[in-house]
Amino acid sequence: MASRHLARSIAMQTLYEWDFSKMEEDVEKLIEKNTAEFGPGLEDVNKDFIRTLINGVILYRGSIDKIIEKAAPEWPIDQITMVDRNVLRLGLFELLYGNKEEVPPKVAINEAIELAKNFSGESSGKFVNGVLGTVFRELEEQKPT
């Protein structure tokens, strides 16, 4: 598994655990535990990437959740499975707030789809693709020509 993909997997698992604990767990302890368990030997640059993803999702969670609800109005945020919800949060963080030169939007979307398929299932991959694709199209339409 490529190290960036592994970093995203660890970030998603950490966000899932944090969400499952009703955001009461110490996220830094979760990052340390999951990085040690799932990414032994991971380079520091990828450990920093994990922290950037998680801290960014936490920082922008309110606005990201509103975007999810707007893009998938038939799915209130609390009715989306916890895995899918956190994959969407991660994908939207990268899509909206990430470094576009480092991670182009289509890469962010594809990575989120793969996470959904690996951790949730094929239909989750389609759901994530639909939501992120909708947001991406709206972003493209808003760009000045």
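## Nonpolar core

The largest nonpolar core holds 40 residues. Ile50, Val87, Leu88, Leu90 and Val128 have the most contacts inside it. Six helices each supply at least two residues of this core: helix 1 (3-20), helix 2 (27-38), helix 3 (44-71), helix 4 (82-97), helix 5 (105-119) and helix 6 (122-142). Helix 3 gives the most, with 8 residues. The model is a predicted one.

In soluble globular proteins, nonpolar side chains tend to be buried together. Leu90 shows who meets whom here. Beyond its neighbours within four places in sequence, Leu90 is in contact with Arg8, Ala11, Met12, Leu15, Leu53, Val57 and Leu115.

## Helix 4

Helix 4 has 16 residues, and 13 of them are buried. The helix is therefore largely enclosed by the rest of the structure.

At 1.5 Å a residue, helix 4 should span 22 Å. The end C-alpha atoms are 22 Å apart, which agrees with that value.

## Helix 1 against helix 3

Two packed helices are described by the angle between their axes and the distance between the axes. For helix 1 and helix 3, the axes come within 9 Å and cross at roughly 40 degrees. Angles under 35 degrees would count as roughly parallel, and 65 to 115 as roughly perpendicular. Helix 1 and helix 3 are therefore oblique to each other. Their crossing is right-handed.

The contact involves a run of side-by-side partners from each helix. Helix 1 brings Ser3, Arg4, Ala7, Arg8, Ile10, Ala11, Thr14, Leu15 and Trp18. Helix 3 answers with Asn46, Phe49, Ile50, Leu53, Ile54, Val57, Ile58 and Arg61. An α-helix has 3.6 residues a turn, so residues three or four places apart point the same way.

## Asp65 and Lys66

Asp65 and Lys66 both have their place in helix 3. Their surroundings are unlike. Asp65 is buried, with a relative accessible area of 10%. Lys66 counts as exposed, at 62% relative accessibility. The cut-offs are under 20% for buried and over 50% for exposed.

Leaving out residues up to four places away in sequence, Asp65 touches Ile77 and Arg89. Lys66 lies 9.7 Å from Pro76, C-alpha to C-alpha. In sequence, Lys66 and Pro76 are 10 residues apart.

Terms used:
Residues are numbered from 1 along each chain as its sequence is written. This is a predicted model: local features need pLDDT of at least 70, side-chain atom pairs count only at pLDDT 80 or more; totals for chains, interfaces and linings use all residues. Side-chain values use heavy atoms; hydrogens and water are left out. A nonpolar core is a set of buried Ala, Val, Leu, Ile, Met, Phe, Trp, Tyr and Cys residues joined through side-chain atoms within 4.5 Å. Buried means under 20% relative accessible area, exposed over 50%, partly exposed in between (1.4 Å probe, protein chains only). Helices (H or I, at least four residues) and strands (E, at least two) are DSSP runs, numbered from the N terminus. Contact means heavy atoms within 4.5 Å. The expected span of a helix is 1.5 Å times one less than its number of residues. Axes are lines fitted to C-alpha atoms, for helices over the stretch in contact, and angles run from 0 to 180 degrees between N-to-C directions. Angles under 35 degrees count as roughly parallel, over 145 as roughly antiparallel, 65 to 115 as roughly perpendicular and the rest as oblique. A crossing is left-handed if the near helix is turned anticlockwise from the far one by less than a right angle, and right-handed if clockwise.
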